Amino acid sequence: GLHTRPTFPLRVMVGNDNEIECHQLCEGVIVQVQNQTFMVEFHVLPLCGLDVVLGVRWLKSLGTVLIDYNDLKMKFMHNGRIIELKGNSDISLHLITPSQLR
């Protein structure tokens, strides 16, 4: 239901080393992550199993980011405030098998 506009083709390499092409862009989309609001630009990609990918372009827009991979936390300044986002550290998560990874 988002408004899209055509864009120059963007080739994206996905996890299995295949490349997919994007031809549509959604601009000025408001996204809420852990009660924090961000305005982002989305490239529309034919991916399954997820809603959005906040990639390097979004990370670059945050400026300097402090990341703690042990505690799955990231901190950065946004709209004059320090924001901390926390990853899912649920111990009930299970490792995937090699066949699932393939």
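Where is Leu50 found?

1. Leu50 lies in the loop between S3 and helix H1 (56-61). The structure discussed in this note is a predicted model, and every point below should be read with that in mind.

2. Leu50 has a relative accessibility of 43% and therefore counts as partly exposed, since that class lies between the limits of 20% for buried and 50% for exposed. Together with Leu47 and Val53, Leu50 forms a nonpolar patch on the surface. The accessible area of these three residues together is about 240 Å².

3. Gln36 belongs to strand S3, which covers residues 36-43. Is Gln36 buried or exposed? Its relative accessibility is 17%, so Gln36 counts as buried; the cut-off for this class is under 20%.

4. The side chain of Gln36 is in polar contact with the side chain of Arg81, at 3.0 Å. When residues up to four places away in sequence are not counted, Gln36 touches Val31, Arg81, Ile83 and Leu85.

5. Leu10 is part of strand S1, residues 5-13. With a relative accessible area of 32%, Leu10 is partly exposed.

6. Which residues does Leu10 contact, once its neighbours within four places in sequence are left aside? They are Ile20, Glu21, Cys22 and His43.

How values were computed
Residues are numbered from 1 along each chain as its sequence is written. This is a predicted model: local features need pLDDT of at least 70, side-chain atom pairs count only at pLDDT 80 or more; totals for chains, interfaces and linings use all residues. Side-chain values use heavy atoms; hydrogens and water are left out. Helices (H or I, at least four residues) and strands (E, at least two) are DSSP runs, numbered from the N terminus. Buried means under 20% relative accessible area, exposed over 50%, partly exposed in between (1.4 Å probe, protein chains only). A polar contact is a pair of N or O atoms within 3.5 Å; within protein, one must be able to donate a hydrogen and the other to accept it, and residues adjacent in sequence count only if both atoms are side-chain atoms. Contact means heavy atoms within 4.5 Å. Patches are made of residues with over 30% relative accessible area and no salt bridge: like charges are joined within 9 Å, nonpolar side chains (Val, Leu, Ile, Met, Phe, Trp, Tyr) within 5 Å. Accessible areas come from the Shrake-Rupley method with a 1.4 Å probe; for residues, only the protein chains shown count as cover. A salt bridge is a side-chain nitrogen of Lys or Arg within 4 Å of a carboxyl oxygen of Asp or Glu.
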